[in-house]
Amino acid sequence: MNYQETVEYLCNSVPMFQQIGSGAYKEGLDNTRALDAHFGHPHRQYRTIHIAGTNGKGSCSHTLAAILQAAGYRVGLYTSPHLVDFRERIRVNGQMIPQDYVVRFVEEERSFFEPLHPSFFELTTALALKYFAEAQVDVAVIEVGLGGRLDCTNIIRPDLCIITNISKDHTQFLGNTLAQIATEKAGIFKPGVPAVVGETIAETRPVFEQKAQEARVSALHFAEDEEHERDYPGLTFELKGLYQEKNRRTLLTALPLLAAQGYRITEEAVRDGFAQVTEMTGLQGRWQCLQNRPTLVCDTGHNIGGMTYIVRQLRQQSYQRLHIVIGMVSDKDIRGVLALLPPDATYYFTQASVRRALPSAELARLAAERGLKGEAYPDVPTAVRAAQKRSLPEDFIFVGGSTFVVADLLANRDALNLH
């Protein structure tokens, strides 16, 4: 198989959450442990840092990787989902895993893993951990896929555990209350390992305190209680979303805990990492501006927590008219997100090219119930073109609602004249 055939095999032969949602979710770590043992426990050959949370874990993972790279470390970075190319999930010092490595892994190992019937994420995690060992990374930043306690990344013993925040998402797996979701995410806490929690509310803070005590973590730090901003006056953060302020505080709380374990991270490395995240790690889709006059911004925020910040940020923009291109997947709190959206915008309801996508006509119907006016479009490029055509140079176009809408946008950048 060539690379494209290999990726199609991975996407079609093993259950892929990105495409089918709950049918791809496998509870338990049996497959993960079997794969890990088969490959000789590769994650034990390098240091790791584990990052969970409902929102912000991708941005935190990429920014921390950039800081460590700037400090001179060879850094593995494992995140999900990908936007355009599967290989975005697995990087070393910002460079994606080679195509031929992915092909070789599947060809050489399928006789072992096919009888296990692993999920896409189980198999991808095994691939990442193995690749990082062979690439001889010093440290790998590992983003949790879903939840924490039963996520297949939870076989690592990290130097630090970070939980960014908790809001309602994936409730069919993690629970219907914020306390239940916090319990699942706190499942990454480990004995003797320090932990940072970026953001809490009255419902979640006691959960983290109890779970930290049960797990016998070495120390639990709440970023909102600490003040490290003064250590880096005038710190420039390349990522501009309002929610990045919380992520910055979370990371600044984490850095001294890494320094206490022997990580050599200078002030210059911290500043460089924050200032050059996208160049150093390839991060995309976080309040990313792709066009001026009219301004076009995309963001992968896709649940109530993420959309709350996005709507607040939209209110701070100056424009003549606001155009919102939006699509969602069917297993999200659709009505909850729609209730947040500004009624005075012009809407372009669309659907991403994944099976989980809510049909655009259904989204338009639900939006009309909330007084949101617009038309339905069959795919993202068509919707974006319509918004571009109807926009004046002084207008603002926002594209989002789903990671997969942003993925389709970025995959069609050239056709849409976006740079």
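Author: Quick definition before we start: a strand here is a DSSP run of E with at least two residues, and strands are numbered from the N terminus. Also, keep in mind that this model is predicted.

Reader: Which residue does a cis peptide bond join to Ser80?

Author: Look in the loop between S2 and strand S3 (90-92), where you'll find a proline. The bond from Ser80 has an omega of about -10 degrees and is cis, and the partner is Pro81.

Reader: What is the phi of His117 near?

Author: Find His117 in the loop between helix H5 (99-113) and H6. Most residues other than glycine have a negative phi. His117 isn't glycine, yet its phi is positive, near 50 degrees.

Reader: In what order do the 8 strands of the open sheet lie?

Author: Begin at the edges, where a strand pairs on one side only: those are S4 (95-96) and S8 (220-222). Inside the sheet, S2 (residues 75-78) and S5 (residues 139-143) run parallel and are joined by 4 bridges. Across that pair, Leu77 stands opposite Val141 in S5. The pairing over the sheet is mixed, and the order is S4-S3-S2-S5-S1-S6-S7-S8.

Reader: What angle does the direction of helix H10 make with that of S6?

Author: H10 covers residues 244-259 and packs on the sheet. It touches S1 (47-52), S6 (160-163), S7 (195-197) and S8, and its direction makes an angle with that of S6 of about 170 degrees.

Reader: Which element gives the largest share of the lining of the largest cavity?

Author: The structure has 1 cavity of 30 Å³ or more, and the largest cavity holds about 60 Å³ of space. Two elements give two or more residues to its lining: helix H3 (30-38) and helix H6 (120-134). By class, that lining has 6 nonpolar, 2 polar and 2 charged residues. The largest share is 4 residues, and it comes from H6.

Reader: What is the radius of gyration of the protein chain?

Author: The chain has 17 helices and 14 strands. For 419 residues the globule rule gives 22 Å, and the chain's value is close to that, so the chain is as compact as a globular protein of that length; its radius of gyration is 21 Å.

Notes. Residues numbered from 1 in each chain as written. Predicted model: local features only at pLDDT ≥ 70, side-chain atom pairs only at ≥ 80, totals over all residues. Heavy atoms only, no water. 1 Å grid on protein atoms, 1.4 Å probe; cavity = no way out; pocket = protein on both sides within 12 Å on 5 of 7 lines; lining within 4 Å. Points joined across faces, edges and corners; volume = space filled by probe spheres on them. Nonpolar A, V, L, I, M, F, W, Y, C, P; charged D, E, K, R; others polar. Pairing = 2+ DSSP bridges. Contact = heavy atoms within 4.5 Å. Axes fitted to C-alpha atoms, helices over the stretch in contact; angles between N-to-C directions. Rg over C-alpha atoms; globule rule 2.2 N^0.38 Å.
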